[in-house]
Amino acid sequence: MNKLKQYLSLPIGLSMIFFVAGSAFGQKSSEAKNANENAAANANAANIHTVDARQSGEWNVGINPTKNTVQLANTTSNPLPVKVVESGARRPFQTRISLNVESGGGLASGFLQIPAGKRFVIENVSAIARTPVGLRMDINYFTYFDDDFDGIADINDITFHRFVLTEQGTFNNQATATANHKVLVFAEEQIGQGHYQIGVRVTLSGPNTANAQGQITFSGYLEDLPPQL
């Protein structure tokens, strides 16, 4: 009978031992796991900004320069700001000429020099004509531009331009007329091996009996000519 009691009590005792041991083992495993997670978190926090790049030699990110482009958003509601940067080859330029008609004569002419190797882009022209009362003056000018880009100046490369003069009245016994025009005229200093100027001419409606003068002003900018052929 005593042996039976001892036999029955044996499983119960073993169960208690295993339960206590299992609890202790589970507690230690949980503590170890938490310790490992904390250590890993600390290591990650310490190295959060570190990139371990281990490639040697030339880098290649797979961009094809003939096909891949960068496009910037540019809309009417959110336009992309830009800045114009001058190259230094373009600068403002203006020049003036005065032509006096000799007494008894009917016209006078002259030339305006364009700086060497430049194209004078004329954007504004103005003029004043002073003549004896009863006479009127016609003013025109001509320029050279290589229209066909053949490097040869011919009659087709000459362009004539005329002023529309408006009478202003009589001042100091002289009839006065003026003009002021917004224009876009190209005047080249060189075409091929030839060098050219701006030609200007004033013509009276009759023989000059006193003082007669025309003054013309050109304003715009200079730019470099392309290489000559």
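Two strands are taken as paired if DSSP finds at least two bridges between them, and the strands themselves, like the helices, are DSSP runs numbered from the N terminus (helices H or I, at least four residues; strands E, at least two). With these terms in hand, β4 and β5 form an antiparallel pair with five bridges. The structure is a predicted model, in which local features need pLDDT of at least 70 and side-chain atom pairs count only at pLDDT 80 or more, while totals for chains, interfaces and linings use all residues. Residues are numbered from 1 along each chain as its sequence is written, and side-chain values use heavy atoms, with hydrogens and water left out.

The protein has one helix and eleven strands, and from the N terminus on its elements follow the order α-β-β-β-β-β-β-β-β-β-β-β. Among contacts (heavy atoms within 4.5 Å) with a separation of 6 or more, 77% link residues 24 or more positions apart. Of the 229 residues, 28% are buried, where buried means under 20% relative accessible area, exposed over 50%, and partly exposed in between (1.4 Å probe, protein chains only). The protein exposes about 16600 Å², of which carbon and sulfur atoms supply 55%; such areas come from the Shrake-Rupley method with a 1.4 Å probe, and for residues only the protein chains shown count as cover.

The pair β4 and β5 belongs to an open sheet of four strands, ordered β2-β10-β4-β5 with antiparallel pairing. Its edges are β2 (107-112) and β5 (158-162); each has a single partner strand, so one side of each is left without a neighbour in the sheet. Neighbouring strands here are turned by 20° against each other on average, direction ignored; the axes are lines fitted to C-alpha atoms, for helices over the stretch in contact, and angles run from 0 to 180 degrees between N-to-C directions. Within this sheet, Thr143 stands opposite Thr159 in β5.

A further open sheet holds five strands in the order β1-β11-β3-β7-β6, again with antiparallel pairing. Here β1 and β6 (166-171) stand at the edges, and because each has a single partner strand, one side of each lacks a neighbour in the sheet. The twist averages 20° from one strand to the next.

Val125 has Phe218 of β11 as its bridge partner, and Arg119 stands opposite Glu223 in β11.

Ser219 also lies in β11. The side chains of Ser219 and Gln94 are joined by a polar contact of 3.5 Å; this term denotes a pair of N or O atoms within 3.5 Å, where within protein one must be able to donate a hydrogen and the other to accept it, and residues adjacent in sequence count only if both atoms are side-chain atoms. Neighbours within four places in sequence aside, Ser219 is in contact with Phe93, Gln94, Phe120, Val121, Ile122, Glu123 and Asn124.

Finally, the loop between β3 and β4 (137-144) contains Gly134. This glycine is exposed, with a relative accessible area of 68%. The C-alpha atoms of Gly134 and Ala175 are 7.6 Å apart, although the two residues are separated by 41 residues along the chain.
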